[in-house]
Amino acid sequence: MIHAENVSKRVQVADSELCILKGTSLEIKRGESVAIIGPSGSGKSTLLGLLAGLDEPTDGDIWLAGEHLNALDEDGRAALRLKLVGFVFQSFQLLPGLTALENVMLPLELRGDRRAAKVARDYLERVGLAHRLDHYPRQLSGGEQQRVALARAFAPQPDILFADEPTGNLDAETGASVNDLLFSLNAQSGTTLVLVTHEPILARRCARRITLSAGEIVEDSGEVVPA
Amino acid sequence: MNHLRWLMREWRGGELALLLVSLVLAVTIVSGVAGFADRLQRGIVGESHKFLAADLVLKTPRTLPDSALDKLPSVVERALVVEFRSMVVAANAMELASIKAVSDSYPLRGELTVSETPFGAAQTTLEVPASGRAWLDSRLFPLLGLEVGDELQLGELTLIAERALLTEPDRGTSFYGMGPRVLINAADVARSGVVQAGSLVDYRYLFAGTEEQLQAVKTSLQPELTASERWQGLDDSQPQIAKTLQRAERFLLLAGSFGVALAGVAVALAARRYSQRHLDTVAVMKALGAGSRQVTSLYVGNILLLAILATLLGWVLGLGVQNALFAMIRDLVGFSPPAGTLRPLLAGAITALLCVVSFALPPVLRLRSVPPLRVLRRDLGNESLSSGVSAFAGIGGLFLLMLWYTGSIELVLAVLVGVSAILGLAGILVLRLFSAMRGWAQGAGGVLKLALSAMVRRRQANAFQVVSLALALMVLLCIIAARSSLMKEWQLQLPADTPNHFLINIAPEQVGPVNDWFERQGIDSAGVFPMVRGRLVTIDGRDVQEIPEIEANRGSVNREINLSWSDELPGDNRLTAGQWWPDASASLPRVSVEDEFAERLGIAVGTKLGFRIGGLPLEAEVTSLRSLSWDSMRPNFFLLFEPGVLDSYPSSSITSFYLDATDKVLLNDLLRQFPTITLIEMDAVIRQARTVVEQVSAALELVLVLIIGCALLVGVANIQASLDSRLHENAILRTLGASRQLIRTCLLAEFAMIGLVAGLLAGVGAELCLYLIQTRLLDMSASWHPLFWVVSPLGAAFVVAVSGWWFCREVIVAPPLQVLRRL
């Protein structure tokens with residue numbers, strides 16, 4: 001599903017060049033659930049951004065569902081994301097001017113899905129927010145906002161879900177319930193899951209764990225277990 | 001995705017409201033103020049045409065051949081006025097009167113006011129006396145001992161005194177307008193037998209119609225005309241009013257274009273904030289798979305839909321403004337406004353489009369380049385908004401907008417020079433100031449340290465804020481100053497006690513008794529000036545008839561000129577060349593010449609002029625040139641000699657004085673005592689001119705109110721632009737334990753400093769701009785405004801501090817967590 005080969009990312013900081021990822025290669029199969037772990041600054045989020053086509057590598061090649069990302073421009077990559085990818089972010093990234101329902105409808109509407117409202121309502125019901133459809137993000141708690149984000153991520157039934165520290169902004173109890181929901185939805189839809197986290201407990205729920213340190217993969221549990 | 005649905009969702013975000021209000025205001029100003037100015041202008045021009053009683057007048061000493069008149073377009077309205085002076089005789093008295101004979105269609109513009117009895121209640125009429133009837137100045141009834149219905153004789157014609165004539169629209173446009181008026185029907189002129197070949201008669205052919213029709217009349221009649229016949233339009237008949245209108249029109253355009261420019265700045269600020277707040281939205285949409293084209297389509301569609309909505313609302317409000325303005329000054333204008341045209345509406349729509357394209361779209365279009373990676377790294381994508389392209393598009397748009405709106409490249413350049421100066425100055429000064437503040441902040445303590453540090457931290461945003469506030473303030477100062485100097489100049493030109501009556505032909509032996517009469521009646525005269533009538537016959541020894549260079553100004557020499565003398569330079573005269581009676585003895589008598597007269601005839605200091613006075617020659621040398629104000633309504637002379645030169649020539653005197661309308665009956669006594677003196681009544685002309693000034697001034701004040709509204713909008717947009725970062729920062733400070741009092745004082749201090757700097761810059765910029773506007777545009781002398789330098793910084797500091805605190809009060813009132821979560 002995802003294939004990265006010798007991927008590097010360097011950025012210019014003041015007068016010097018900073019290497020965030022160094023020649024990273026990996027292969028993620030359809031339906032796999034992978035946790036990318038490692039200390040702060042190890043390049044986890046950078047790797048996630050590259051694999052999702054949000055950014056371009058300085059060197060190396062990435063294929064997403066067989067499409068060579070390097071060969072696509074930003075709009076081409078966006079079109080691919082629209083078709084295949086869902087996201088869950090640490091800071092939820094709900095649009096403040098839209099209600100919970102409208103936030104979930106957004107990716108469906110971008111695809112031109114006429115059933116957007118029905119599907120969105122259905123997913124909000126699944127995450128237990130059927131009574132909060134018309135609430136704005138600022139009227140929801142952190143846990144509720146992340147559940148809306150989960151509904152938004154799963155509603156278009158993506159092939160791959162990228163999650164960046166999905167419970168990083170939540171307390172332990174709320175975080176645990178959001179995690180349960182994430183894995184349950186993932187199990188139901190058979191989505192490939194790529195998850196960046198600090199939390200060992202969350203990482204252990206994934207079938208495979210890749211550990212990064214200073215921009216390099218230092219450990220890959222390598223297990224391939226269909227979700 | 002449905003654009004309308006997207007717009008409605010976006011609307012709830014709140015940022016679009018300010019953008020919409022700014023756009024609506026721009027459209028309202030253009031379609032409202034321009035429409036109002038257009039209608040007022042047409043109304044006033046129409047009103048002013050009443051001074052001519054027509055749109056176009058041909059003045060001639062003869063009747064035109066029927067063949068020439070028959071060729072004129074039939075749609076053009078026509079009337080004939082014949083004026084001459086003649087004795088009118090009643091049973092027991094006779095009086096030299098100014099006779100005006102008019103055809104039935106007179107007046108083509110304006111109306112007559114009459115009363116059924118002398119000095120009675122005024123009523124307007126569009127009728128003229130029937131054949132055999134006469135309408136007389138009220139004053140003539142007692143002078144001739146007549147009652148309404150009595151008979152009087154004009155030459156061989158017997159007329160019945162039917163009514164008292166109070167005003168005529170075109171009184172005062174002709175020399176023959178002097179003296180008590182008798183209005184008769186044109187059909188009676190021939191029957192009176194008074195007008196013979198060689199009689200001094202003034203014929204005026206009056207025309208009314210569209211511009212094209214009037215042009216056709218001019219073209220058709222031109223081949224028939226001789227040099228002594230001339231056309232009169234509004235400009236010729238009432239130069240003072242034409243000038244007033246021209247200035248008022250320019251001022252309205254200036255104010256309007258400033259208003260639109262301010263609205264444009266508000267649009268730019270609002271669009272910038274809108275874009276800033278959508279960086280995250282666009283990043284999320286892109287991460288979710290929206291392409292650049294989709295983003296562009298949604299956002300541009302949003303803005304265009306908003307522009308359409310703003311245009312519709314602006315039209316409605318603009319029409320409302322037009323009508324409200326007319327309703328407010330209905331009593332002043334005294335005429336019903338002409339119907340509006342579609343042009344201001346179209347102008348409003350184009351303004352909205354231009355505002356959107358040059359002010360709103362550049363920041364919005366740049367949203368397309370926000371990288372999707374921003375969802376993971378919030379520092380990305382911010383730079384995409386701070387681009388020179390937006391500034392360039394904005395200034396270009398401003399230029400186009402103002403150029404198109406005013407049609408005056410001079411005006412636009414004056415404004416843009418001011419704007420560039422203030423931007424340049426602002427750039428340098430603000431950056432210098434901020435570098436200095438960094439040092440001051442370290443040395444300062446408490447609140448001041450916090451406020452200074454906040455200023456330095458947000459120096460770019462603050463610099464932008466200072467510049468745009470300064471711009472708005474500058475515009476406001478310019479408008480206020482230009483308005484008050486215009487008003488002052490108008491009032492100077494026509495003070496309340498402007499002389500409104502002239503006495504001419506005062507014999508030397510009458511000067512003393514006339515002065516005594518003034519004293520007895522408590523009337524201040526403008527001084528009695530001696531006057532000799534003579535012709536200018538040679539310039540530097542050359543016969544004026546043979547000087548080809550003065551061909552176009554032959555009228556100045558083909559008539560007798562009033563010559564006078566004075567020891568002192570008259571009060572309202574100013575020397576422009578030479579010296580006032582230099583000490584060195586001269587071989588020739590010396591004369592001072594009015595500068596425009598001198599220019600027309602190619603006369604300079606040192607030129608020798610030859611005169612013929614009562615058949616006797618006189619040669620004199622020009623020793624000085626003078627400028628003078630013909631509008632002062634005081635006796636003034638093209639040629640002033642040194643005392644003694646004209647002593648041996650027969651002279652009479654002239655004076656002018658102010659007389660209130662209620663005291664006009666005193667004139668009967670004056671004329672009875674001095675029957676040979678000629679009285680010229682100018683009060684009606686002055687009253688009409690003053691009415692126009694009052695109307696225009698009222699309109700200007702109302703437009704000023706709208707401009708202040710625009711400036712306030714810029715202020716609000718400006719404060720809102722930096723609201724988020726301020727709220728965020730102060731919420732954090734409060735979280736860290738800063739007291740409300742500290743935050744409040746800090747905010748007040750920071751905003752006050754921004755206002756102070758902006759106010760100071762605005763004072764400098766306004767001074768520069770006004771200098772250009774006054775000297776280049778409004779044809780006025782430049783004046784300095786020391787008050788600006790004090791009032792502008794202090795006033796701006798106060799207003800900005802209070803309004804800044806008002807908009808940021810949430811951070812003081814609401815719990816910090818609430819503020820942080822909302823941002």
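## A bridge between the chains

A salt bridge is a side-chain nitrogen of Lys or Arg within 4 Å of a carboxyl oxygen of Asp or Glu. In this predicted model, A:Glu109 makes one with B:Arg9, and their closest N and O atoms are 2.7 Å apart. Across the interface of chain B and chain A, the rule finds 3 salt bridges. There are also 7 residue pairs in polar contact across this interface.

## How the two chains meet

The size of an interface is often given as the accessible area lost when the parts come together. Here, chain B and chain A bury about 2,500 Å² between them, with 61% of it on carbon and sulfur atoms. On the chain B side, B:Arg9, B:Leu288 and B:Leu376 lose the most area to chain A, together 26% of what that side buries.

Counted by contacts, 25 residues of chain B touch 32 residues of chain A. Helices α1, α9, α10 and α24 of chain B each supply at least two residues of the side that touches chain A. Of the elements of chain B, α9(B) gives the most, with 6 residues. By class, this side of chain B has 11 nonpolar, 5 polar and 9 charged residues.

## Two helices in chain A

How do α5(A) and α6(A) lie relative to each other? They pack at an angle of about 10 degrees, with their axes 10 Å apart. Angles under 35 degrees count as roughly parallel, so α5(A) and α6(A) are roughly parallel to each other.

Among the residues that meet are A:Leu150 and A:Phe154 in α5(A), and A:Leu181 and A:Leu185 in α6(A). The residues of this contact divide into 6 nonpolar, 5 polar and 1 charged.

How values were computed:
Residues numbered from 1 in each chain as written. Chains lettered and ligands numbered in written order. Predicted model: local features only at pLDDT ≥ 70, side-chain atom pairs only at ≥ 80, totals over all residues. Heavy atoms only, no water. Contact = heavy atoms within 4.5 Å. Buried area = accessible area lost by both parts, 1.4 Å probe. Polar contact = N/O pair within 3.5 Å; in protein donor to acceptor, adjacent residues only side chain to side chain. Helix = DSSP H or I, 4+ residues; strand = E, 2+ residues; numbered from the N terminus. Nonpolar A, V, L, I, M, F, W, Y, C, P; charged D, E, K, R; others polar. Axes fitted to C-alpha atoms, helices over the stretch in contact; angles between N-to-C directions. Parallel < 35°, antiparallel > 145°, perpendicular 65-115°, else oblique.
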